[in-house]
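Please look over the sequence and the structure shown here before turning to the notes. The points that follow are grouped by topic for a first reading.

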Amino acid sequence: MRTKFIKIAAIVPVLTLALVACSAEQDENNVAAPEPAATAAAVNETVQPASTDEPAQTAGPVKETAGAEVKAGKIERYENIDISDWMDEDTVVVSKDNKTLGKMTLKELAGSYPKSLYLFHLDTGQYELLKEQKNLFLGEAVLSADHKHLLYSEFSLGDPAYHVMDLGTKESFSITGDPIAGAISAQWADEETVIGPAYSGGAFTASTSGKLAAVEGLGGEGLVVVRQIKDKIYYTTSSNDTLQTLDLKTKEKASLKLERVGTVITSPDESQMLVLQYKDSTQTLLLSDTTGGNRKVIVEGAELGGVSWSPDQRMIAYSVTNEESGTASAVLYIYDMLSDKSIRIAEATGNLTTSWSPSGKQLAYTEWNGDQSRSSVVQLMY
């Protein structure tokens with residue numbers, strides 16, 4: 001399961017990690033994968049995240065402790081691919097260069113190859129083509145909960161466009177047109193519905209059958225964050241970064257009194273949420289229930305990213321990036337809800353995204369260095 005961290009996810013030499021016609025079958029659909037680089041030694045250092053049960057209390061620095069219940073094992077690294085989701089324990093969804101299509105024809109991207117979507121079989125090292133298109137970067141691919149559809153973006157220059165593909169037929173439709181103009185961003189609301197802010201203002205829904213609709217009660221507002229949790233939509237606007245809700249049944253609106261909200265990540269059972277808040281030169285990752293109560297600060301840092309829940313809701317992945325002497329370095333952590341501790345998993349570079357295998361025993365993280373992606377898969381023991 002991957003939570004999109006504000007486009008959240010990068011595709012292209014100019015595309016952040018952050019966020020198509022049917023293809024003909026080719027001989028290259030099953031291409032041997034590159035051998036993973038040498039396995040990195042797991043880092044089992046643990047940290048105690050700063051936390052509080054009080055609503056607005058600032059977290060202190062991360063404190064080193066010992067004896068984490070969750071441990072990191074072997075790490076396999078894969079160059080030049082972006083893992084964005086998991087089909088099963090041995091199969092991941094990836095975006096990577098498709099050299100069979102030739103290089104991009106746009107002058108600004110002439111040195112790059114299109115990026116296509118594949119299933120990558122970790123056990124056999126084979127790629128299975130899902131979607132390709134000339135002169136486009138495809139990425140940010142996230143499966144529906146029933147694994148029957150794939151939400152993804154396509155990009156060359158300008159803003160990305162979002163599409164939904166039926167994995168049975170390999171047919172896709174674009175989330176664009178009346179009455180929404182297009183999708184600014186998109187995420188799954190449930191296994192049959194995509195939701196997000198619309199270019200026409202307000203929020204949209206798109207069913208897996210291709211039906212587009214504007215969300216009643218939010219029309220005309222310029223929205224930034226849009227998430228659906230059960231029967232409520234959680235949102236911020238371009239003029240108000242305080243998290244608000246719209247009850248889809250009563251149409252009543254309310255404020256959760258959570259300010260400077262950059263993103264909301266819902267727990268698998270939809271009983272809790274993670275809220276990323278921006279506070280001057282720092283960011284805070286806050287855990288709360290869906291009313292905004294029972295708040296707890298997980299971590300505070302200069303720049304946070306790679307946030308995602310494990311399927312069993314026990315663990316939260318996140319990265320902390322700091323800059324020293326002009327060089328940015330990121331560290332990936334897993335926070336264990338049971339032990340109230342964080343384990344340091346690995347050091348990384350650039351922007352990070354993360355996604356969990358269905359069992360929660362494997363965590364994939366992708367680094368984007370501004371030129372290429374590198375993905376790694378961590379084996380977890382607990």
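In this predicted model, E108 has a relative accessible area of 59% and therefore counts as exposed. The residue E108 sits in the loop that runs between β6 (91–97) and β7 (115–121). Although E108 and L157 are 49 residues apart along the chain, their C-alpha atoms are separated by 8.6 Å.

**Confidence of the prediction**

- Across the chain the pLDDT averages 84, and 81% of the residues score at least 70.
- Over residues 3–68, by contrast, the pLDDT is below 50, although in the model this stretch has 201 contacts beyond near neighbours in sequence.
- Where pLDDT is low, the predicted coordinates should not be read in detail.

**Salt bridges**

- The count of salt bridges in the model comes to 10, and the pairs described below are among them.
- One of these salt bridges brings together the side chains of K74 and E76, with a distance of 3.4 Å from N to O.
- Within that pair, K74 is partly exposed at a relative accessible area of 45%, whereas E76 is buried at 17%.
- Another salt bridge is formed by E79 and R374, whose closest N and O atoms are 3.6 Å apart.
- Through shared partners, the salt bridges join E79, E367 and R374 into one network.

**Buried charged residues**

- D85, which lies in strand β5 (residues 81–88), counts as buried because its relative accessibility is 4%, and buried means under 20%.
- What does the side chain of D85 reach? It comes to 2.8 Å from the backbone nitrogen of L143.
- K131 is located in strand β8 (residues 126–131), and this residue is buried yet has no salt bridge.
- How far away is the nearest side chain of opposite charge to K131? That side chain belongs to E171 and is 8.4 Å away, while a salt bridge is defined by a nitrogen-to-oxygen distance within 4 Å.
- The side chain of K131 does make a polar contact, at 3.2 Å, with the side chain of S172.

**Strand β21 and its neighbours**

- Strand β21 (residues 240–247) is mostly covered, as six of its eight residues are buried.
- On one side of the pairing pattern, strand β20 (residues 232–237) and β21 run antiparallel and are joined by five bridges.
- A hairpin through two residues connects β20 to β21, and Y234 stands opposite T245 of β21.
- β21 also pairs in the antiparallel sense with strand β22 (residues 253–255), in this case over three bridges.

**The loop between β21 and β22**

- E252 is found in the loop between β21 and β22, and with a relative accessibility of 56% this residue counts as exposed.
- Which residues does E252 touch, leaving aside those up to four places away in sequence? The residues are T245, L246 and D247.
- E252 and G217 are 35 residues apart in sequence, and in space they are 8.7 Å apart from C-alpha to C-alpha.

Conventions:
Residues are numbered from 1 along each chain as its sequence is written. This is a predicted model: local features need pLDDT of at least 70, side-chain atom pairs count only at pLDDT 80 or more; totals for chains, interfaces and linings use all residues. Side-chain values use heavy atoms; hydrogens and water are left out. Buried means under 20% relative accessible area, exposed over 50%, partly exposed in between (1.4 Å probe, protein chains only). Helices (H or I, at least four residues) and strands (E, at least two) are DSSP runs, numbered from the N terminus. A polar contact is a pair of N or O atoms within 3.5 Å; within protein, one must be able to donate a hydrogen and the other to accept it, and residues adjacent in sequence count only if both atoms are side-chain atoms. Lys and Arg count as positive and Asp and Glu as negative; His and the chain ends are not counted. Two strands pair if DSSP finds at least two bridges between them. pLDDT is the predictor's confidence in each residue, from 0 to 100. Contact means heavy atoms within 4.5 Å.
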